Amino acid sequence: QVELVESGGGSVQAGGSLRLSCVASGRIGSNYPMGWVRQAPGGEREGVAAIGSDGSIAYAEPVKGRFTISKDNGKNTLYLKMSDLKPEDSATYYCGAHNGRLKGAYYVASANFHYWGQGTRVTVSS
């Protein structure tokens with residue numbers, strides 16, 4: 001069993017920054033692929049960023065240059081640093097983990113993981 005708990009969401013003005021955190025617990029390996037997926041109300045699920053089992057990192061095109069994904073293996077915590085936030089970034093952000101061995105690009109493209117957190121809400125106003 002794997003549990004993921006996100007935090008760090010909130011409301012910010014356009015151009016602001018937030019850092020999301022995801023603490024993982026349970027039977028999860030340090031090399032498990034992990035990433036972030038977001039979904040706006042009524043919108044589609046969208047892969048945002050991911051780290052593959054080989055350490056490969058991938059980002060969705062809309063967030064490249066603005067978001068940075070990282071992981072602290074010692075703390076079993078995944079982060080998403082978001083800068084220059086835009087209203088279109090508003091969504092619930094979910095942390096995901098997988099027990100496969102695929103590259104980060106796969107998870108950004110598929111927006112699919114085995115395990116999910118409950119999500120943390122990000123609202124960006126103009």
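**Order of elements.** I read the elements of the protein from the N terminus on and wrote down β-β-β-β-β-β-β-β-β-α-β-β, which is one helix and eleven strands; helices (H or I, at least four residues) and strands (E, at least two) are DSSP runs numbered from the N terminus. I note that this is a predicted model, in which local features need pLDDT of at least 70 and side-chain atom pairs count only at pLDDT 80 or more, while totals for chains, interfaces and linings use all residues. Residues are numbered from 1 along each chain as its sequence is written, and side-chain values use heavy atoms, with hydrogens and water left out.

**Overall dimensions.** Along the principal axes, the C-alpha atoms fill a box of roughly 40 × 25 × 25 Å. I also noted that buried residues make up 43% of the 126 residues, where buried means under 20% relative accessible area, exposed over 50%, and partly exposed in between (1.4 Å probe, protein chains only).

**Asp89.** I found Asp89 in the loop between β8 (77-82) and β9 (91-97), and at 1% relative accessibility Asp89 counts as buried. Its side chain is joined to that of Arg66 by a polar contact of 2.7 Å; such a contact is a pair of N or O atoms within 3.5 Å, and within protein one must be able to donate a hydrogen and the other to accept it, with residues adjacent in sequence counted only if both atoms are side-chain atoms. Not counting residues up to four places away in sequence, I list among the residues that Asp89 touches Arg38, Phe67 and Val124, contact meaning heavy atoms within 4.5 Å.

**Aromatic pairs.** I recorded three aromatic pairs in the structure; rings of Phe, Tyr and Trp (its six-membered ring) pair if their centres lie within 6.5 Å, and planes under 30 degrees apart count as stacked, over 60 as edge-to-face and the rest as tilted. The rings of Tyr106 and Tyr107 have centres 5.1 Å apart and planes at 90°, so this pair is edge-to-face. Phe113 and Trp116 also pair edge-to-face, at 5.7 Å centre to centre and 85° between the planes. I close with the note that Tyr106, Tyr107, Phe113 and Trp116 form one aromatic cluster.
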